[in-house]
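Colleague: I am new to this one. Can you walk me through how to read it?

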Amino acid sequence: PRFWLVVPAAGIGQRMQADCPKQYLRIHNRFLLDITLSRMLEHDLFAGCMVPLHSEDRWWPETEASTDRRVATCEGGRERADSVLLALKALAGQARPDDWVLVHDVARPCLSSADLLRLAEQLKDDPVGGLLAAPVTDTLKIAGVGREGIEVRGTQDRSQLWRALTPQMFRFELLRKALERAERAGRVVTDEASAIEMAGHTPRIVEGRPDNIKVTLPADLSMAAFILGQLEA
Ligand code: C5P
């Protein structure tokens with residue numbers, strides 16, 4: 001089976017308070033999107049790459065990726081899962097049902113090569129697939145709004161909790177069907193694995209580095225720059 005890459009980049013990054021979506025913020029004068037894509041594509045692992053974009057995206061033509069012949073774009077959807085499904089549909093003419101598709105957030109530029117290659121290697125004989133994840137290290141509180149403000153309602157046992165990272169890697173047709181099914185059922189899925197779970201399959205976990213962070217808040221950008229420096233050193 002071959003490997004395909006989907007990098008959803010159709011979000012508008014509301015939490016970033018910037019005047020452009022977060023994938024177009026820059027680290028050392030390079031777009032986040034270009035850093036993420038070049039880190040993924042330097043391995044020659046993929047038969048092709050599809051990037052769903054927002055219909056009003058006006059930055060894409062300025063990227064390095066837009067001149068890369070391995071990268072194609074399609075229209076994104078309302079939610080992340082809609083964007084991924086549209087990308088799979090755009091690839092459907094080329095991919096075979098048991099090919100692999102890796103879905104990786106454009107906002108995770110700090111993926112290490114070792115994690116990417118280990119994910120592919122450890123899951124390549126699995127019938128379903130799985131994801132990179134990291135054990136939760138903080139104590140997690142369940143909270144609600146009380147009379148005096150936010151208050152603790154309980155403490156979650158963290159021994160079984162993992163943070164879902166990306167890439168998430170699944171068999172092409174299995175993921176397409178699972179996302180279609182979740183869409184029809186009106187279920188909100190914030191990662192590929194949850195759609196696969198809803199369809200009754202069991203994703204595997206490959207432990208990934210905790211510094212594979214998702215750039216979400218303004219402070220994450222300088223953290224990402226620091227981590228990238230460490231990865232390259
Ligand atoms: O907003 P959040 O950080 O959860 O977005 C995760 C990823 O999904 C980002 O790479 C974002 O660009 C993408 N996304 C998308 N289409 C949407 C919403 C988010 O491709 N409608």
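Colleague: Which residues of α1 are buried?

Modeller: This is a predicted model. A residue is buried if 20 or more other C-beta atoms lie within 10 Å of its own. In α1 the buried residues are Leu32, Leu33, Asp34, Ile35, Thr36, Leu37 and Met40. That is seven of the ten residues of the helix, so α1 is largely enclosed by the rest of the structure.

Colleague: What do the buried residues of α1 pack against?

Modeller: Four strands: β1 (3-6), β2 (26-27), β3 (30-31) and β5 (71-75).

Colleague: How many residues does the largest nonpolar core have?

Modeller: The general idea comes before the case. In soluble globular proteins, nonpolar side chains tend to be buried together. Here the largest nonpolar core has 56 residues. Helix α2 (residues 80-91) gives the largest share of this core, seven residues. Trp4, Val6 and Val101 have the most contacts inside the core.

Colleague: Which residues is Val101 in contact with?

Modeller: Skip its neighbours within four places in sequence. Val101 then contacts Trp4, Val6, Leu88, Phe170, Phe172 and Leu175.

Colleague: Why does Trp162 count as partly exposed?

Modeller: Count neighbours again. Buried needs 20 or more, exposed 12 or fewer. Trp162 counts as partly exposed because it has 15 C-beta neighbours inside 10 Å. Trp162 sits in strand β10 (residues 162-171). Beyond four places in sequence, Trp162 touches Ala133, Ala134, Pro135, Val136 and Ile205.

Colleague: Which residues come nearest the ligand?

Modeller: Of the 17 residues around the ligand, they are Pro8, Ala10, Gly11, Arg80 and Ser83. By class, the shell has six nonpolar, six polar and five charged residues.

Terms used: Residues are numbered from 1 along each chain as its sequence is written. This is a predicted model: local features need pLDDT of at least 70, side-chain atom pairs count only at pLDDT 80 or more; totals for chains, interfaces and linings use all residues. A residue is near a molecule or strand if its C-beta atom, placed from the backbone, lies within 6 Å of it. Ala, Val, Leu, Ile, Met, Phe, Trp, Tyr, Cys and Pro count as nonpolar, Asp, Glu, Lys and Arg as charged, and the others, Gly among them, as polar. A nonpolar core is a set of buried Ala, Val, Leu, Ile, Met, Phe, Trp, Tyr and Cys residues joined through C-beta atoms within 7 Å. Helices (H or I, at least four residues) and strands (E, at least two) are DSSP runs, numbered from the N terminus. Two residues are in contact if their C-beta atoms, placed from the backbone, lie within 7 Å.
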